[in-house]
Amino acid sequence: MSLKAYTAFRKLTDRISRAIIYGNVSHAYIIEGDSCIDKAQFAKDFIKAILCEEEPGFGCDRCVICRKIDHDNYEDLYTVKADDLSLKDAAISALQEKLKNKPTGGMRNIAVIEDADTMTVRAQNRLLKTLEEPNRGTVLILLSENTENLLQTITSRCIIYRLGNYESGKETLHLSGAEMMMQMLIDGAYFCDMKEQLGKIVKDRKDAFLLLDGMERLYRKYLTGEGTQAVRRERLISNIKYIEEARRDLLANVNYKYAVRNLILKLGG
Ligand SMILES: [Zn+2]
């Protein structure tokens, strides 16, 4: 998907998009995030943003380049990952051989190193050579859960993007759903569109509770002055009350679809 779709990481993706548009693509990045965050998918979408010529900085999802990246058949993109528990020297060595090839499609070779924090010290020292003397246009993207496991000589040569301001992946998903609903409300979206979106976000009662929690947290955040000022204070307070009512409905075993739709109607009214 386009980088625009990562509403939970909006600040970060805005930064990334701007850098790409201004031509500031670095030769090495670390994308850090918990195991529950799909860093490999994010890396793909990041690469599309770098290479897509239709929507530079974002990725269009439609052009040949974006589609090839999505389908894992872009010629100049190489991926390595750990076998067993660590990413070994031989894998990095094989990658370096591939990176010696001139890119066939465009200007860049791109390498994604999954499980980078499991690299053996030997593998890290080998990779360091590529980081110190990168080929023109080559971009290395290291995916890592725990960047502390990487040598300082590696981390100091990479731009580090941290994914996840929120505690868990499940929560991130729903907070981003909550953010999406909030944005639609602020934009005055049609109810039928919001209903469709709700159908995707809320598939059971548990999802409904998570959505309510995410939305309430956002409203409370707006209330304390962080973030948007688009919605006024009294409105915020009454909206939080509506969320509390919806939560009571859910606890009273009201149908969860009905409860969230009813809530959205009240919030939008
Ligand atoms: Zn594209």
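Q: In this predicted model, which residue is the bridge partner of Ile110 in E4?

A: The bridge partner of Ile110 in E4 is Val139, and this pair belongs to a set of four bridges that join strand E3 (residues 110-113) to strand E4 (residues 139-144), the two strands running parallel. Further along, Ile113 has Leu142 as its bridge partner in E4.

Q: How does the chain cross from E3 to E4, and what is the hand of this crossover?

A: The chain passes from E3 through helix H5 (residues 121-132) to E4, and this β-α-β crossover is right-handed. E2, H4 and E3 also make a right-handed β-α-β unit, in which helix H4 (residues 89-99) lies across E2 and E3 and runs at about 175 degrees to E2. E2 and E3 themselves are parallel and are joined by four bridges, with Thr79 standing opposite Val112 in E3.

Q: What is the order of the strands in the open sheet, and which strands stand at its edges?

A: The open sheet has five strands in the order E2-E3-E4-E1-E5, paired in parallel. Strand E2 (77-80) and strand E5 (159-162) stand at the edges, and because each has a single partner strand, one side of each is left without a neighbour in the sheet. On average, neighbouring strands of this sheet are turned by 20 degrees against each other, direction ignored.

Q: How should I read the two faces of a strand, and which residues of E3 lie on each side?

A: In a regular strand the side chains alternate between the two faces of the sheet. In E3, Ile110 and Val112 lie on one side and Ala111 and Ile113 on the other, and as these residues are all buried, both faces are covered.

Q: Which residues have the most contacts inside the largest nonpolar core?

A: As a general idea, nonpolar side chains in soluble globular proteins tend to be buried together. Here the largest nonpolar core has 48 residues, and those with the most contacts inside it are Ile31, Ile113, Ile141 and Leu142. Helix H2 (residues 39-51) gives the largest share of this core, seven residues. Leaving aside residues up to four places away in sequence, Ile31 touches several residues, including Phe42, Ile141 and Tyr161. Another core, of 25 residues, lies apart from it, with Ala208, Met215, Tyr242 and Leu267 among its members.

Q: Is Leu210 buried or exposed?

A: Leu210, whose place is in helix H9 (residues 205-223), counts as buried because it has 20 C-beta neighbours inside 10 Å.

Q: Into which domains is the protein divided?

A: The protein is divided into domain 1 (3-162) and domain 2 (169-268), and their centres, taken over C-alpha atoms, are separated by 35 Å.

How values were computed: Residues are numbered from 1 along each chain as its sequence is written. This is a predicted model: local features need pLDDT of at least 70, side-chain atom pairs count only at pLDDT 80 or more; totals for chains, interfaces and linings use all residues. Two strands pair if DSSP finds at least two bridges between them. Axes are lines fitted to C-alpha atoms, for helices over the stretch in contact, and angles run from 0 to 180 degrees between N-to-C directions. Two residues are in contact if their C-beta atoms, placed from the backbone, lie within 7 Å. A residue is buried if 20 or more other C-beta atoms lie within 10 Å of its own, exposed if 12 or fewer, and partly exposed in between; C-beta atoms are placed from the backbone. A nonpolar core is a set of buried Ala, Val, Leu, Ile, Met, Phe, Trp, Tyr and Cys residues joined through C-beta atoms within 7 Å. Domain bounds come from an automatic or database domain assignment. A crossover is right-handed if, with the strands pointing away from the viewer, the path from the first strand over the helix to the second runs clockwise.
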